Structure formats: C-alpha cells, structure tokens
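The sequence and structure come next.

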Amino acid sequence: MSKLQFPDGPYLGRLGWIAHRIVASYWGLPLLAVFSSWPAALLILHLDREGLSDTIRNADLSIVANADAAQQVVTSAVAINAAFLTLYFSLTLLVLTVASSNLGVRLVDRWLDKGLVRVSLAGLAFTLLFSLGALGAVDADAPFEELPLGLVTTTVFLQGVNVAMLTIALHDLGRTIFVDRSIANLGEDAKAGPVSVEARDPADLDWAQRVCSPREGYVEGNNLDRLAKHLDGRGGIVRVCAAPGQHVLEGETLLLLEQDVSGSVDEGKLLGCVPVGDFRSDGQGAVFRIRLLVEIAARALSPAVNDFYTALTAADRLGAAVLGQRKNWVDQGQVAAYRNGTLFELPGQDFRGLFEDPLNAFRQAGCQYPSVSIRMINNYARIRDIVLDDGQSDQFAEFLEKLARELRDHAMSVTDYDGDRKDIADAFTEGFEKDETHTRGTP
C-alpha cells in the first residue's frame, strides 16, 4: 500500500493504519520514542510504589546497595547515553559523507529508510530520556526502602539493550560504505517487480473518462489490486498511463477508462491508486533501483572517482537484473497487461520500459572504458543465449543484440587505441556473430 493511500474500512481499522504509517515513517518511530519515554518511566515508578520495589528487595535482586549508589548508576546511564548519541550522529555524518561521494546520495537514502536505522535512533532517544526521568525520581538521601528499584533496574536493562543495538547499528553503518555489498543488495532488489505482465493487443477506444494528475511529481507506484477493488468490474478496459518512477506534470493523464465511472467512484480513490510524490525514492521499486545501479556505475567512471572495477560490478548486477526481469518482455505492437485477469493495460511497465533508457545511459557512461564495454557486451551475449535456449521471443534476443551493437559502436568511436577497438569488436563477434546457427534448446 502506498504511503499516500488511505484505507477503506471501520474507524478502528483506519486509526490502526494511521498509527502504522506514523511508526513506519522516517521520523515516526524516533518521535514516538521521545514522547513515550517519560510516560514509561512514570509507569515503572507507579509499579514500584505498588510493590515492585518490595518484590525486588525481598528477592535480594537489587543491583544497588543504597540510594547514593542508585543515583550514581542512573547518572552514569544518562552520561553514557548522551555519549552514545553524540558518537552515533558523528559517525553517521562521517560515513554518509564518504558514502555520498562514492555511491551517491540516493543509495544513502536507501540506508536511511532501513528499519534498523530508525529503531536505533528511537532506542537511543528513548533510553536517554527514560534515564533522565529515572534520575529525577532517585533521591540520594532517601532510605533504601523508598528507592524505586524497578526504575533503576529497568534503566540498567535498557542500557544493555541500547549497547547491543548500537553495536549492530554501527556495524551496519560501516557496511554501508562497502560498495560491492550495496551494489549486490541493490541488484537483488532490482530483480523483483514492478508487476507481472503479459502481452496483449492494445485497445483502440474512445476513452470515456480521463483521470489527471492533481500535481507535478513522480509516480510512486500503481496499486492495481486496490484499483480493481474500487472499480469492482466497472470501467471496462483501464489504461494506466503513468508507470512507477515516471515524472508527470499537473494535469497530465494518469488513467484512461473505457467506461465513465465518475458517478459511482470518487476520483480521489482512483488517484490514490496512482500516488504522485515529490521525488524519486526506493519505494518506486525496480525502476528506481535499476537507475540507481546505472548512477553508481556512472559515478564510478567519472574522472573524479575513476573506479572501473565498481562499474564492472554494477554491469554484472545489471545483467542479473535483466535476466531476472526477462519474463516481462512484450513484443512490438503489443502492450503490457496486468497478469491477473483484470482489464488493465500497463504501457511502459514491461521490460523495455524498465531497461531501455537506463541501459542507454549505461552505454553513454561506459563507452569511455573498453574493459567496461567488453564486460557488458559479454553480459548481453550470455543473457541472449539463455533467452534463446528458453524459447523466448526472437525480438527480445534482437533487442539485446541491438544494445550490444550500439555499445560496441559507441565504444569503438571514442577509443583512440587500435588494440582496444579490436578487443571490443572481438567481444561482440565472439558473443553474437560466431554462432549464427544458434538453435533453441541447444547449449
């Protein structure tokens, strides 16, 4: 479900959805931790007065011997948590600065969106404020029998949990700048989605209803199942004109419907199925991740970085993503359609819509480096062989060969060294022209 989509259903269900979105948002969990820390401390203090402290004393489980020791323990917890917060923010700024220069700010945004990061921030904030609350409740001059031992014990316990979470978070933070791991994760995610499509003949209709974008921005996704639920069999054939990640202007067409349903379905519900956001984000799925792989490769090949090994890794992951998405290929003259029996046409959400522009951009960046061009030509050839052996479309195989040929020609045109031009030409010949009699099902 898109973050901009409000659910139907009972009132309590909607409140639950709102609570879930608050917690799942960037700052929702840390803010929830801040506002719940002192109520939590007051609750433990109330339990102490209701007998929790007596239970701890009678069981001889107290971790402090007197009130002065209790105050020192809580004071130390406050100081340690404050130091942890300072350390975490300082290291985060340092690591993200380095990562931004090597990987790009959009990959850093994927890290910031991790649940682990939000939980770590929430834990640090909660524990610090909880400890401050506990410090205010501990009187160094009070008799031992009046100490809130439950509160002190909880403070120490939370300190242990916080240390463990901070260790995990710092380890994850360090792994963020390991570019190969980031590329591997990104490439694996790029194999999925956006939707499973099949090829159909496009409808030739006079569309009865047009749903236009109320704002300028980027399409965050298409919730097709929810759209089908809203229409409930009405609307006839529906063409979803804007693919995830596509930039649209205010008033640009998002949906075309064969039948006018404006009298029975609120347009706001239809717009909620094709939400438009302010910027590109990981929530847009494969279309964002594929372009991000190309961006990493282009950044690595820039004169400032000059790291063609990273570009080779990105080329390999792009090849794996191409292979993972090959089932979404649609031949020329046909249109992608949602593969679940609904009458939804999805132009631009097939294989070509996902990969053609990014792979052209990769060619423009990689053509300057013969080794990168050769690797990607080899990848195209290997994928083409699998496509032919699996009995997929000849047009798909021709498309892959076209991409490889354009990369060969571009790379040879910008290379000054004759040996490099020969190596590039040989890579294409070896992959595409050595076996013109390639037959389906033959290894």
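## Overall make-up

Of the 443 residues in the protein, 44% are buried, where buried means under 20% relative accessible area, exposed over 50% and partly exposed in between (1.4 Å probe, protein chains only). The secondary structure comes to 15 helices and nine strands; helices (H or I, at least four residues) and strands (E, at least two) are DSSP runs numbered from the N terminus. Among contacts (heavy atoms within 4.5 Å) between residues at least 6 apart in sequence, 79% join residues at least 24 apart.

The model is predicted: local features need pLDDT of at least 70, side-chain atom pairs count only at pLDDT 80 or more, and totals for chains, interfaces and linings use all residues. Residues are numbered from 1 along each chain as its sequence is written, and side-chain values use heavy atoms, with hydrogens and water left out.

The expected span of a helix is 1.5 Å times one less than its number of residues. Buried residues of helix 12 include Phe351, Leu354, Phe355, Pro358, Leu359, Phe362 and Arg363. Their cover includes helix 10, helix 11 (308-324), helix 13 (370-389) and helix 14 (394-414).

Helix 14 has 21 residues and should span 30 Å; its end C-alpha atoms are 31 Å apart, which agrees. Among its buried residues are Phe396, Phe399, Leu400, Leu403, Leu407 and Ala411, together with the charged Glu401 and Arg408. The cover of the buried residues of helix 14 includes helix 11, helix 12, helix 13 and helix 15 (418-433). An α-helix has 3.6 residues a turn, so residues three or four places apart point the same way.

## Strands

Two strands pair if DSSP finds at least two bridges between them. An open sheet of three strands has the order 5-3-7, with antiparallel pairing. Strand 5 (247-248) and strand 7 (276-277) stand at the edges with a single partner strand each, so one side of each has no neighbour in the sheet. Strand 3 (residues 217-219) pairs with strand 7 over two bridges, and valine 219 has valine 276 as its bridge partner.

Strand 1 (residues 197-200) and strand 8 form an antiparallel pair over four bridges. In this pair, arginine 200 stands opposite valine 335 of strand 8. From strand 8 (residues 335-338), Val335 and Ala337 point one way while Ala336 and Tyr338 point the other way, and all are buried.

## The second largest pocket

On a 1 Å grid over the protein atoms alone, a pocket is an open set of points where a 1.4 Å probe fits, with protein on both sides within 12 Å along at least five of seven lines; lining residues have an atom within 4 Å of a point. The second largest pocket has a volume of about 340 Å³, volume being the space filled by probe spheres set on the points.

Its lining has 23 residues, with Ala243, Arg291, Gly348, Gly353 and Leu354 nearest the centre. Helix 10 (286-300) and helix 12 (351-366) each supply at least two residues of the lining, and the largest share, five residues, comes from helix 12. The lining divides into seven nonpolar, nine polar and seven charged residues; Ala, Val, Leu, Ile, Met, Phe, Trp, Tyr, Cys and Pro count as nonpolar, Asp, Glu, Lys and Arg as charged, and the others, Gly among them, as polar.

## Aspartate 60

Aspartate 60 is found in the loop between helix 2 (28-58) and helix 3 (67-103). Its phi is positive, about 55°, although it is not a glycine. Aspartate 60 is exposed, with a relative accessible area of 70%.
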